Each structure stands twice: as structure tokens, then as C-alpha cells.
Amino acid sequence: MSDLQKRNLWVWTNKTESLKPDRKAGESVPLGYLTEGATEYYPYYTWIQKGYVREKVI
């Protein structure tokens with residue numbers, strides 16, 4: 001599977017924006033911050049736990 005077909009389902013949250021104003025809530029998390037999986041990209045698990053990122057609502 002090519003990189004173009006891998007999905008990035010993660011967006012920043014309001015919590016992240018309040019800590020890092022350059023990261024706007026609802027915007028996709030850049031691939032540089034994610035780990036590449038077989039079919040999609042994933043953030044650090046702790047970011048999910050702490051509420052810094054969430055999955056896009058499709």
C-alpha cells in the first residue's frame with residue numbers, strides 16, 4: 001500500500017490549541033507527528049489519553 005492510500009484520521013483538540021496556539025483544533029495532525037502503520041497513521045497513545053488529539057468524525 002502506498003503512502004497516498006494510508007489514512008490520517010487524527011486532528012488536534014481545543015486542549016492542544018490552548019497549549020500550542022499554532023496547532024488549531026480540528027486541523028489534521030501533520031504526518032511528522034504520527035507513526036506509520038500498515039493502513040493508517042497513529043499518534044502517541046499518551047496524546048490520546050491526555051486529550052491532545054482525537055479521531056476525525058467521518
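## Contacts and charge pairs in a predicted model

Setting aside neighbours within four places in sequence, leucine 9 is in contact with Glu40, Arg54, Glu55, Lys56 and Ile58. The structure described here is a predicted model, and leucine 9 is found in it in the segment before strand S1, which covers residues 10-12.

### Salt bridges

Side chains of opposite charge can pair when their charged atoms come close. How many salt bridges does a search of the whole structure find? The search finds 3, and they are set out below with the distance between nitrogen and oxygen.

| Salt bridge | N to O distance |
|---|---|
| Glutamate 36 and lysine 6 | 2.3 Å |
| Glutamate 40 and arginine 7 | 3.1 Å |
| Lysine 24 and glutamate 17 | 3.8 Å |

Glutamate 36 forms its salt bridge with lysine 6, and because glutamate 36 lies in strand S2 while lysine 6 lies in the segment before S1, this pair ties together parts that are 30 residues apart in sequence. Glutamate 36 is partly exposed, with a relative accessible area of 44%, whereas lysine 6, at 14% relative accessibility, counts as buried.

Glutamate 40, which is also among the contacts of leucine 9, forms a salt bridge with arginine 7. Glutamate 40 lies in the loop between S2 and strand S3 (41-42) and arginine 7 in the segment before S1, so this pair ties together parts that are 33 residues apart in sequence. Here glutamate 40 counts as buried at 9% relative accessibility, while arginine 7 is partly exposed, with a relative accessible area of 44%.

In the pair of lysine 24 and glutamate 17, lysine 24 is partly exposed at a relative accessible area of 36%, and glutamate 17 is partly exposed at 27%.

Arginine 23 is found in the loop between helix H1 (14-19) and strand S2 (35-36). Not counting residues up to four places away in sequence, arginine 23 touches Trp12, Thr16, Glu17 and Tyr33.

Definitions and conventions
Residues are numbered from 1 along each chain as its sequence is written. This is a predicted model: local features need pLDDT of at least 70, side-chain atom pairs count only at pLDDT 80 or more; totals for chains, interfaces and linings use all residues. Side-chain values use heavy atoms; hydrogens and water are left out. Helices (H or I, at least four residues) and strands (E, at least two) are DSSP runs, numbered from the N terminus. Contact means heavy atoms within 4.5 Å. A salt bridge is a side-chain nitrogen of Lys or Arg within 4 Å of a carboxyl oxygen of Asp or Glu. Buried means under 20% relative accessible area, exposed over 50%, partly exposed in between (1.4 Å probe, protein chains only).
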